[in-house]
Amino acid sequence: MSMNPVTGLTAMSELAQDVLSIQSTQGSNPGPMVRVPQFLFTCAPSLLLQRGLPSTVQGVAGLGHSPISLPTQLASHFGSAGFAPTFALCLAPKGVMFFGDSPYYMLPNVDITRPLSYTPLIISPQGEYYMEVKSIKINDKDVPIDTALLSINKQGVGGTKLSTINPYTILHHSIFKAVTQIFSKELSAIPQVKPVAPFGACFNSKRFKNSRVGPGVPNIDLVLHDKHVMWRIYGANSLVEAAPGVSCLAFVDGGMKNNGASIIIGAYQMENNLVQFDMARSRLGFSSSLLFYKTSCNNFNFTAIP
C-alpha cells in the first residue's frame, strides 16, 4: 500500500527492485554517479500523484525510519565503506540533500556543519522524527504553554515532529494563540492588517527593517532538552509575504484535536537551515539560519567533479 503524503490518498502498490544510480559528493561538489543494486521501491498508480503535488513530480522519496527508506538502504549498501546512517536537509528553491556524514559545504567555501547544535532525535513507532521542545521564547520572554502538550504521552500524542510535508509549522490551538499574542505584542509598533488565510497574524511589511536574516522582528526560540540549547527562528523563517505589502507570522492553527503532535515543524521554518538526522548517534543537528553565516541552501556548487 502506497500513500500520497500530502493528500493522504492510498492505493495498492507493487514492491519492485532495480538498480539505483545516485550522485556522490565529497561535500562541496557533485562527484561520480554511484550504483545501488537490488534497490527496493514501490510502484503505485499514477493517480496518487495527480493531487496535492506539482505536476512535474514523478515519485516520492521516503526519508522516514523504515527498512526500505532511502537513507536506510543507502546506509546498508555503503556501510562497509564507512557510510554513516545519516542524512541532512538544506531546503531552498535550489536546495540540496546529503546522505552520509559531513562535511557539507556551501559557497563561498562555508562548512555549514560548524554552527550545528544537537538535541536527541526521537523516532516514533511509525518511523517519524521528533525532538523534545521544553518551552518557547519570543524576544527572550517565555510563552505561556501547557507543558503537557510538549511531551509525547502513552498514546503517542503530543510532542514536536519535523515534517517537510507541511509547508508551515502547525501549532496546537492553545500554543498558536499564545505564540501569536506574544509575537504581536512584541511587534506592537508595526500595524497589523487583515489576516491572509491560513495565517492568524499579518502586518504591514513596508514598516519592517531588513537584516541579514530577514525582517527585523522578534526572534522565536524553541528551547530544547537543555535550556542552553535553542533552535532560533529569525525573521526570514518566521514571516512570509502572503500578499503584496503583507507579511504574516508563518505558523498555522492546528485546532484543538489531540490526536497527533502538538507542534509540527514545517518546511518553511527549515528553509536555509541545515537539519541533520543522525541515526547512528540518535541526535538531530540544526544550524538555525545559514543567512547569518553569509550563505544559504541555494549556494551548493553544482559544478561536477569528473
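**Figure 1. Strands β5 and β6 form a hairpin with five residues between them.** The view comes from a predicted model, as do the views that follow. Four bridges join β5 to β6, and the two run antiparallel. Across this pairing, F87 stands opposite F99 in β6.

**Figure 2. Strand β5 also pairs with β26.** Five bridges link β5 to strand β26 (residues 273–278), again in antiparallel fashion. C90 has L274 of β26 as its bridge partner. Which way do the residues of β5 point? T86, A88 and C90 point one way, F87 and L89 the other way, and all are buried. Five of the five residues of β5 are buried, so this strand is largely enclosed by the rest of the structure.

**Figure 3. Helix α1 packs against strands through its buried residues.** Which residues of α1 are buried? They are L70, P71, Q73, L74, A75 and F78. An α-helix has 3.6 residues a turn, so residues three or four places apart point the same way. The buried residues of α1 pack against β3, β4, β5 (86–90) and β6.

**Figure 4. The second largest pocket holds about 520 Å³ of space.** Its lining has 23 residues, and Q23, S24, T25, F83 and F99 are the closest to the pocket centre. Which elements give two or more residues to this lining? They are β3 (14–25), β4 (30–43), α1 (70–78) and β6 (96–99). By class, the lining of this pocket has 15 nonpolar residues, seven polar and one charged.

**Figure 5. Four strands form an open, antiparallel sheet.** The strand order is β13-β12-β20-β21. At the edges stand β13 (141–142) and β21 (230–233), each with a single partner strand, so one side of each is left without a neighbour in the sheet. Four bridges join strand β20 (residues 220–223) to β21, and these strands run antiparallel. Within this pairing, L222 has W231 of β21 as its bridge partner.

**Figure 6. The structure holds one cavity of 30 Å³ or more.** How much space lies in the largest cavity? The volume is about 50 Å³. I136, T169, L171, V179, I220, L222, F251, I263 and I265 line the largest cavity. Strands β15 (169–171), β20 and β25 (263–265) each supply at least two residues of this lining. Eight of the lining residues are nonpolar, one is polar and none is charged. L222 belongs to this lining and is also the bridge partner of W231.

**Figure 7. V246 is found in strand β23 (residues 246–249).** Is V246 buried or exposed? Its relative accessibility is 14%, under the 20% cut-off, so V246 counts as buried. What does V246 touch, leaving out residues up to four places away in sequence? Its contacts are V193, V196, C202, F203, S205, V240 and E241. L116 lies elsewhere: V246 and L116 are 130 residues apart along the chain, and their C-alpha atoms are separated by 32 Å.

Notes. Residues are numbered from 1 along each chain as its sequence is written. This is a predicted model: local features need pLDDT of at least 70, side-chain atom pairs count only at pLDDT 80 or more; totals for chains, interfaces and linings use all residues. Side-chain values use heavy atoms; hydrogens and water are left out. On a 1 Å grid over the protein atoms alone, a cavity is a set of points where a 1.4 Å probe fits but cannot get out, and a pocket is an open set with protein on both sides within 12 Å along at least five of seven lines; lining residues have an atom within 4 Å of a point. Grid points are joined across faces, edges and corners, and a volume is the space filled by probe spheres set on the points. Ala, Val, Leu, Ile, Met, Phe, Trp, Tyr, Cys and Pro count as nonpolar, Asp, Glu, Lys and Arg as charged, and the others, Gly among them, as polar. Two strands pair if DSSP finds at least two bridges between them. Buried means under 20% relative accessible area, exposed over 50%, partly exposed in between (1.4 Å probe, protein chains only). Contact means heavy atoms within 4.5 Å.
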